[in-house]
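Visitor: Hello! Could you show me around this chain and let me ask a few things as we go?

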Amino acid sequence: MSLLLHACCGPCAMYPVDMLLKAQRDLDLYWFNPNIHPEFEFNRRLENLRKVASHYNVALHEEGECQEEYWLGKTYLQEFNSRCEMCYDVRMEATAKYAAEHGYEAFCTTLLVSPYQQHEVICETAKRYATKYGVEFEYYDFRPGFREGQNMAREIELYRQKFCGCIFSLEDSKFKDKIIKSFE
């Protein structure tokens with residue numbers, strides 16, 4: 001069964017890709033993360049995901065661009081309980097739609113590797129769009145491999161970010177000054 005694996009960044013992709021390939025899954029990576037800001041950060045994360053795709057010799061399908069103005073202007077609380085819920089919604093819909101339109105039998109996301117993400121909300125959102133687009137959401141709890149994946153990322157010298165990616169999380173990060181300095 002062909003699997004489209006949405007990936008938010010290189011480090012978060014390491015463990016899931018490694019695990020799925022060891023299980024002999026037929027998979028491709030999918031980049032759709034218009035929430036990541038600023039553009040320098042968007043490009044840096046995409047470049048690191050390209051390194052992962054090359055490292056594992058898997059295809060990477062890239063869609064979308066950095067959309068800072070969209071995210072800053074979005075009144076997410078009118079539709080969603082949180083900005084994270086809005087973010088999951090936008091990315092899971094795009095992933096399910098791409099999977100259905102390109103003949104994948106199932107999709108999943110590397111967001112499920114992070115202990116810092118809202119696991120249940122991601123799953124509910126993905127299942128809703130799986131039903132809408134007629135493609136299976138294949139669930140994996142990748143969280144037990146989070147630290148292992150971070151170590152794997154370190155081994156191949158991937159950039160490991162200190163915030164989830166959206167402009168709001170950058171503002172909230174205790175590493176904000178260090179992160180902004182790294183953009184220079």
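Visitor: Which residues is Tyr104 in contact with, leaving aside its neighbours within four places in sequence?

Guide: Please keep in mind that this is a predicted model, where local features need pLDDT of at least 70, side-chain atom pairs count only at pLDDT 80 or more, and totals for chains, interfaces and linings use all residues. Residues are numbered from 1 along each chain as its sequence is written, and side-chain values use heavy atoms, with hydrogens and water left out. Contact here means heavy atoms within 4.5 Å. With that rule, the partners of Tyr104 are Ser2, Leu3, Leu4, Asp28, His61, Tyr98, Ala99 and Val135.

Visitor: How many residues apart along the chain are Tyr104 and Leu4, and what separates their C-alpha atoms?

Guide: Along the chain, Tyr104 and Leu4 are 100 residues apart.

Visitor: Is Tyr104 buried or exposed?

Guide: Buried means under 20% relative accessible area, exposed over 50%, and partly exposed in between, using a 1.4 Å probe and protein chains only. Tyr104 has 12% relative accessibility, so this residue counts as buried.

Visitor: With which side chains does the side chain of Tyr104 make a polar contact?

Guide: A polar contact is a pair of N or O atoms within 3.5 Å; within protein, one must be able to donate a hydrogen and the other to accept it, and residues adjacent in sequence count only if both atoms are side-chain atoms. Another, of 2.5 Å, links Tyr104 to the side chain of Asp28.

Visitor: Now to helix H5: why do its buried residues line one face?

Guide: Helices (H or I, at least four residues) and strands (E, at least two) are DSSP runs, numbered from the N terminus. In H5, the buried residues are His119, Ile122, Cys123, Thr125, Ala126, Tyr129 and Ala130. Seen down the axis of H5, with directions taken from the axis to the C-beta atoms, these buried residues line one face because they fall within an arc of 165°.

Visitor: Which exposed residues does the face of H5 turned away from its buried side carry?

Guide: An α-helix has 3.6 residues a turn, so residues three or four places apart point the same way. On the face of H5 turned away from the buried side, the exposed residues are Glu120, Glu124, Thr131 and Lys132.

Visitor: What covers the buried residues of H5?

Guide: The cover over these buried residues includes H4, E4 and strand E5 (136–137).
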